[in-house]
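Please look over the chain shown here before reading on. The briefing is meant to be read with the structure open beside it.

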Amino acid sequence: MKLAGSRPCGGAPSSTPSAARSLQTGVKPALPTSLHSARGRQSQICNVWLENRAEVSVQVPVETAWDLWDDKERIPDWMPWISSVQTDAQNPALSQWRLSTSMFGRGWSLSWLSESLPNKPHTQMQWRSVPGYKGPGGSLEVPNRGQLLFRRFGPDSCIVELTIGYEVPGLLQPFASVLTPTVEGILRTDMQRFARYAVDHQARPQA
């Protein structure tokens, strides 16, 4: 299991290779800890961050791939476990995300407010969740961050690499050892779906 952005309780950030490859989002979110005290004795429980990746070759120009991802409200078209993305009309850098999925024998409803970070057009797109967002009743908030890298492979093709980092919710921590292969399998399927979506989108007459 790869740990990205995690650290020992009370210690410095990890310097393992996985941590060295952590997302360069400009701001490293502090990892919250839960403290329990009894008669002067304390124990700490450190939350865990995981990082997952997937990439795909897409037979469209890099500009087309970029534009599709930049239109965030389209993303559920190729990521069906994302139930909705709503961009803030007053501040397009902010967007509300909702996730609904079934995993480990039960349904999960998650939500977060995402902030787009400065990007490099047609090269790199980055984001992070905004702390303290209160989603719809009953949904869990999952601190997360991520990036997309776009590499031009030719005049009509490109490679898109998605990396997401997220804090494992307490209810899912018993399953942490299997989250990485499970999530990366989902991401690979999503990226392959995006590749087909992008080709179909380009083939359709544009208004």
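The model is a predicted one, and its protein chain has 3 helices and 10 strands. Of the 207 residues in the protein chain, 42% count as buried.

**The chain as a whole**

- When contacts in the protein chain between residues at least 6 apart in sequence are considered, 58% of them join residues that are at least 24 apart.
- The protein chain has an accessible surface of about 11400 Å², and carbon and sulfur atoms account for 54% of that surface.

**Packing of helices H2 and H3**

- Helix H2, which covers residues 62–70, packs with helix H3, which covers residues 176–203, at an angle of about 110° and with the two axes 11 Å apart.
- Because angles of 65 to 115 degrees count as roughly perpendicular, H2 and H3 are described as roughly perpendicular to each other, and their crossing is right-handed.
- On the H2 side the contact is made by Thr64, Ala65, Leu68 and Trp69, while H3 contributes Met191, Phe194, Tyr197, Ala198, His201 and Gln202.
- Sorted by class, the residues in the contact of H2 with H3 are 7 nonpolar and 3 polar, with no charged residues.

- Tryptophan 69 lies in helix H2, and it counts as buried because its relative accessibility is 3%, where the cut-off for buried is under 20%.
- Leaving out residues up to four places away in sequence, tryptophan 69 touches Ile75, Trp78, Met79, Met125, Leu148, Phe150, Val160, Met191 and Phe194; Met191 and Phe194 are also among the H3 residues in the contact with H2.
- Tryptophan 69 and methionine 125 are 56 residues apart along the chain, and their C-alpha atoms are separated by 8.9 Å.
- Serine 114 belongs to strand E6, residues 106–120, and with a relative accessibility of 2% this serine counts as buried.
- Setting aside neighbours within four places in sequence, the contacts of serine 114 are Ala93, Leu94, Ser95, Trp97, Trp127, Arg128, Ser129 and Val130.

- Histidine 122 sits in the loop between E6 and strand E7 (124–129), and its relative accessible area of 30% makes it partly exposed.
- Most residues other than glycine have a negative phi, whereas histidine 122, although not a glycine, has a positive phi of about 65°.
- Serine 100 is located in strand E5, residues 94–103, and is partly exposed, with a relative accessible area of 41%.
- Between serine 100 and serine 83 there are 5.9 Å in space, taken from C-alpha to C-alpha, although the two serines are 17 residues apart in sequence.
- Arginine 188 has its place in helix H3 and counts as partly exposed at 43% relative accessibility.
- The C-alpha atoms of arginine 188 and arginine 53 are separated by 8.3 Å, and along the chain these two arginines are 135 residues apart.

Key: Residues numbered from 1 in each chain as written. Predicted model: local features only at pLDDT ≥ 70, side-chain atom pairs only at ≥ 80, totals over all residues. Heavy atoms only, no water. Helix = DSSP H or I, 4+ residues; strand = E, 2+ residues; numbered from the N terminus. Buried < 20%, exposed > 50% of the residue type's maximum accessible area, 1.4 Å probe, protein only. Contact = heavy atoms within 4.5 Å. Areas by Shrake-Rupley, 256 points an atom, 1.4 Å probe, with all protein chains shown as cover. Axes fitted to C-alpha atoms, helices over the stretch in contact; angles between N-to-C directions. Parallel < 35°, antiparallel > 145°, perpendicular 65-115°, else oblique. Left-handed = near helix turned anticlockwise from the far one by under 90°. Nonpolar A, V, L, I, M, F, W, Y, C, P; charged D, E, K, R; others polar.
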